[in-house]
Number of protein chains: 2
Amino acid sequence: MHTVLSSASKQVIIGDDQPFCIIGERINPTGRKTFQEQLRAGDLSAVETDVAAQVAGGAMVLDVNMGVPLTDEAELLAKAVKLVQSLTDMPLCIDSSVVEALEAGLGAYEGKALVNSVTVEDDRMELILPLVKRHNAAIIALPNDETEIPIDPVRRVELVKKFVDIATSKYSIPLEDIVIDPLAMPIGADSLHADRTMEAISMIRDQVGVNMTLGASNVSFGMPDRHTLNAVFIPMAMRAGLTSAIMDARTPQVVTAVKGADLMLGHDEWGAAWIQQHRAKEAAKNV
Amino acid sequence: MHTVLSSASKQVIIGDDQPFCIIGERINPTGRKTFQEQLRAGDLSAVETDVAAQVAGGAMVLDVNMGVPLTDEAELLAKAVKLVQSLTDMPLCIDSSVVEALEAGLGAYEGKALVNSVTVEDDRMELILPLVKRHNAAIIALPNDETEIPIDPVRRVELVKKFVDIATSKYSIPLEDIVIDPLAMPIGADSLHADRTMEAISMIRDQVGVNMTLGASNVSFGMPDRHTLNAVFIPMAMRAGLTSAIMDARTPQVVTAVKGADLMLGHDEWGAAWIQQHRAKEAAKNV
């Protein structure tokens, strides 16, 4: 299954026969006080640094979120989308919980975007899916509904199937434009959370066959040495069937682990990419 | 499935509901010229350092191999087994391609050993399996026979089934005393080798249910940054069903990845072991 995203000039394919798609997550004011104040004052200059850092780190798609309280998020997101597209040719993931902001972001976007995200709640699907269809975008869906964020992977897969059914039949969204986020929960809260997520991933791969993405670093929340845990978890989840993750591409340890896992899964023929990135690192050391 | 190994005073369980079993691989003269010369002269003093380093690094079982050309390997292995057992209470994996050496090693051993290894060749099974049975040991079996080391995971699984059938019915070896080594081959030789091994691992888990071990570092042979690749591959293989590996426990990067994967698989409740090893590392830094 290939989910094809694009900017005006560049295409990125998410798929189980492709190198893992790293969606850079940094362009997001959540938990960044200074960035929030800048955005509130209409100053988007920090975005430039963030784009450069994510691209340098190996991001293939950039997530753009402008969720700052007490601002016109729609206006801000449209502005940010235009700015980021002027800085890079990478496809974007337009990220908001506000429907008007998604609409403005999609309106400002050139190419085929990924939208982050919709839940399996009737009112959310009703608002977001027609928008996704109208803009010919791809959509990230989370398997939770009005009543629950299910812990049980079987229940998560049921919600995924329900979503796929509604999105394809009622809203005519092609299966390949659906990307499921099977929910990463902190291992510190429950020792079985990561295993359940991997279980959900392999069931979704086997039973539904769609692409998946994950806010993977959630898994290590509250634990020491988070980068190492993320660098362990993502390859395991890749083996289970995960084809993309929303992650901070500025962490070489995790990005390198992803590249190693690509090699292990046969998505880096002769290890060409692995060897090349190793040489680049060695060269950088010798500068 | 629990494979129970023991020394005179300590038990180690290999199992899919247990922390991953790290079998330390260093007590082996292969490729170590100085060590070979020492052993030829009857000097086993280097073994002491090796045992200490593997134990400090986190090995739970120690592989002991005394394969030095032009020596009496049987005598040497018996001597080494006694020495290692005087230095540590860890169970041992007695490793030789020479049947007489296995016999001498098992004879010298106190407890329930793991034997490394037998192939699915009639004459090898006929020589080694009665020995394993007589000493109530566990045995590592490699899925290759007289005609081939199969590349195809399906064929490997067929050989595993054949072995399990012969070992249990003809030689009365209990299923839990069989540990399969599904063969790790270098990714540099074929981009699909690691994926095939993981495929074989999950098929063996699902269809046979026995414990498995792997000379895991073979996978990265010939590639740059091997530790990182090993630290990526082993967690992926653990998710597929690998329950143990023969590896150099002196590489913290790989050992830490194994511990992280234990946590991800729910084999480290509340992350107690993960947090503890992190604290120990931090404490060591501050000394």
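1. To start with terms: two strands count as paired if DSSP finds at least two bridges between them, while helices (H or I, at least four residues) and strands (E, at least two) are DSSP runs numbered from the N terminus. With that in hand, Val179(B) stands opposite Asn211(B) of S9(B). The strands concerned, S8(B) (residues 178-180) and S9(B), pair in the parallel sense over two bridges.

2. A word on conventions. This is a predicted model, in which local features need pLDDT of at least 70, side-chain atom pairs count only at pLDDT 80 or more, and totals for chains, interfaces and linings use all residues. Residues are numbered from 1 along each chain as its sequence is written, chains are lettered from A and ligands numbered from 1 in the order in which they are written, and side-chain values use heavy atoms, with hydrogens and water left out.

3. On confidence, the model scores ipTM 0.94 and pTM 0.96. The mean pLDDT (the predictor's confidence in each residue, from 0 to 100) of chain A is 96, and 100% of its residues reach 70 or more.

4. How are the two chains related? A rotation of 180° with 0.0 Å of shift along its axis superposes chain B on chain A, with an RMSD of 0.0 Å; this is the relation of a two-fold axis. In chain B, the C-alpha nearest the axis belongs to Met236(B), 2.3 Å from it. The superposition is by least squares on the C-alpha atoms of residues with pLDDT of at least 70 in both copies. The copies meet through the same surface, because 100% of the interface residues of chain B are also interface residues in chain A.

5. Now the sheet of chain B. Its eight strands form an open sheet in the order S9-S8-S7-S6-S5-S4-S3-S10, with parallel pairing. S9(B) (211-212) and S10(B) (244-247) stand at the edges with a single partner strand each, so one side of each has no neighbour in the sheet.

6. S5(B) and S6(B) run parallel, joined by three bridges, and Asp95(B) has Asn116(B) in S6(B) as its bridge partner. Six of the six residues of S6(B) are buried (under 20% relative accessible area, with exposed over 50% and partly exposed in between; 1.4 Å probe, protein chains only), so S6(B) is largely enclosed by the rest of the structure. Helix H4(B) (residues 99-108) lies across S5(B) (92-95) and S6(B) (114-119), at about 155° to S5(B). Axes here are lines fitted to C-alpha atoms, for helices over the stretch in contact, and angles run from 0 to 180 degrees between N-to-C directions.

7. Thr228(A) sits in helix H8(A) (residues 226-240) and is buried at 11% relative accessibility. Leaving aside neighbours within four places in sequence, its contacts (heavy atoms within 4.5 Å) are Gln253(A), Thr256(B) and Trp274(B). Gly241(A), in the loop between H8 and S10 (244-247) of chain A, is buried at 10%. Not counting residues up to four places away in sequence, Gly241(A) touches Ile201(A), Arg205(A) and Met212(A).

8. Finally, the nonpolar core (buried Ala, Val, Leu, Ile, Met, Phe, Trp, Tyr and Cys residues joined through side-chain atoms within 4.5 Å). The largest has 176 residues, and those touching the most other members include Met66(A), Phe163(A) and Phe233(B). Outside four places in sequence, Met66(A) has contacts including Ile27(A), Phe35(A), Leu77(A) and Asp95(A).
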